[in-house]
Amino acid sequence: MTNFRNLVIAPLNAAHDRAGFHCNVEALDQYIHKQAGQDIRRRISRIFVATLPDNPKEVMGYYSLSTLSIELSQLPEKLARKLPKQPVPVALIGRLAVSKNALGCGIGKMLLVDAIKRTLTVSDQIAIYAMVVDAINDNAKGFYEQFGFARLSDDSPRLFLPLKSFEDNPVPINLFQSHA
Ligand SMILES: CC(C)(COP(=O)(O)OP(=O)(O)OC[C@H]1O[C@@H](n2cnc3c(N)ncnc32)[C@H](O)[C@@H]1OP(=O)(O)O)[C@@H](O)C(=O)NCCC(=O)NCCS
């Protein structure tokens, strides 16, 4: 039986079989097939992929990570009033997808935890106020909301989670191994 706890999460590289990745969302398939490599080369995004140790080419899931600044007015009033009146630096998970052959095995959650861990590490050196995600549809919003992400507004695909929330409630770093 496949042990998804051994998942390796590492930067996308030329050895990964990008073309073989299929989730149930065409735009997310097209992104890793055609756009991801270019975004990495241009330093627009970093892409991390999940593979299993016995099949290191097959992409079981991926996410993209980049930075963004959002207007203070986009945050809920009760958070905004505690912040200086300037744009807020955040880390963005622009895309996150799991292979249609491996849905429901915990890979989406492990990718999300990995993105948060990497962001927390970077945020010791470069200030990042929150993790922001762009949900591809309402179904995806439900996935993020169960982990504490809140909608920026009802008509926006963006959800956010202040990194401060991890100061009292650390990410369970023993949940899995990640290899950079
Ligand atoms: C959403 C997605 C990433 C979830 O990946 P997954 O590996 O199947 O999810 P996991 O197995 O890690 O599920 C973790 C938890 O989320 C829950 N969950 C999964 N999809 C969910 C959804 N759409 N809404 C609410 N909860 C969801 C699971 O029930 C599970 O809960 P549990 O820990 O209490 O058992 C995957 O369905 C996917 O790739 N969908 C297509 C692309 C997409 O929507 N991407 C997200 C935004 S761009």
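1. The second largest pocket of this predicted model has a volume of about 390 Å³. Its lining is made up of 18 residues, and those nearest the centre are Arg46, Leu65, Ser66, Thr67 and Val122. Two or more lining residues come from each of strand 2 (46-51), strand 3 (61-70), strand 4 and helix 3. Strand 3 is the main contributor here, giving four residues, the most of any element. Sorted by class, the lining of this second largest pocket holds eleven nonpolar, four polar and three charged residues.

2. Leu96, Ala97, Val98, Leu103 and Phe143 are the closest to its centre, out of 28 lining residues. The elements giving at least two residues to this lining are helix 1 (26-41), strand 4 (88-98), helix 3 (107-122) and helix 4 (138-145). Strand 4 gives the most, with five residues. By class, the lining of the largest pocket counts 18 nonpolar, seven polar and three charged residues.

3. Phenylalanine 143 deserves a point of its own, being among the residues closest to the centre of the largest pocket. This phenylalanine sits in helix 4. Is phenylalanine 143 buried or partly exposed? Its relative accessibility is 24%, so phenylalanine 143 counts as partly exposed. Leaving aside residues up to four places away in sequence, phenylalanine 143 touches Leu96, Gly108, Lys109 and Leu112. Of these contacts, Leu96 is also one of the residues closest to the centre of the largest pocket. Alanine 127 is 16 residues from phenylalanine 143 in sequence, and their C-alpha atoms are 26 Å apart in space.

4. Staying with helix 4, the buried residues there are Ala140, Lys141 and Tyr144. They cover an arc of only 105° around the axis, so they lie on the same side of helix 4. Asp138 and Asn139, on the other side of helix 4, are exposed. What do the buried residues of helix 4 pack against? Their partners are strand 4, helix 3, strand 5 (130-134), strand 6 (150-151) and strand 7 (158-162).

5. On cysteines, a search of the whole structure turns up zero disulfides. For cysteine 23, the nearest cysteine sulfur belongs to cysteine 105 and is 15 Å away. A disulfide needs the sulfur atoms within 2.5 Å, and cysteine 105 is likewise in no disulfide. Cysteine 23 has a relative accessible area of 9% and is therefore buried. Cysteine 105, at 33%, is partly exposed.

6. A last point concerns histidine 16, in the loop between strand 1 (8-11) and helix 1. Its relative accessibility is 10%, and because buried means under 20%, histidine 16 counts as buried. Not counting residues up to four places away in sequence, histidine 16 is in contact with Pro11, Val49, Thr51, Pro56, Lys57 and Val59.

Key: Residues are numbered from 1 along each chain as its sequence is written. This is a predicted model: local features need pLDDT of at least 70, side-chain atom pairs count only at pLDDT 80 or more; totals for chains, interfaces and linings use all residues. Side-chain values use heavy atoms; hydrogens and water are left out. On a 1 Å grid over the protein atoms alone, a cavity is a set of points where a 1.4 Å probe fits but cannot get out, and a pocket is an open set with protein on both sides within 12 Å along at least five of seven lines; lining residues have an atom within 4 Å of a point. Ala, Val, Leu, Ile, Met, Phe, Trp, Tyr, Cys and Pro count as nonpolar, Asp, Glu, Lys and Arg as charged, and the others, Gly among them, as polar. Grid points are joined across faces, edges and corners, and a volume is the space filled by probe spheres set on the points. Buried means under 20% relative accessible area, exposed over 50%, partly exposed in between (1.4 Å probe, protein chains only). The arc is that of the directions from the helix axis to the C-beta atoms. Contact means heavy atoms within 4.5 Å.
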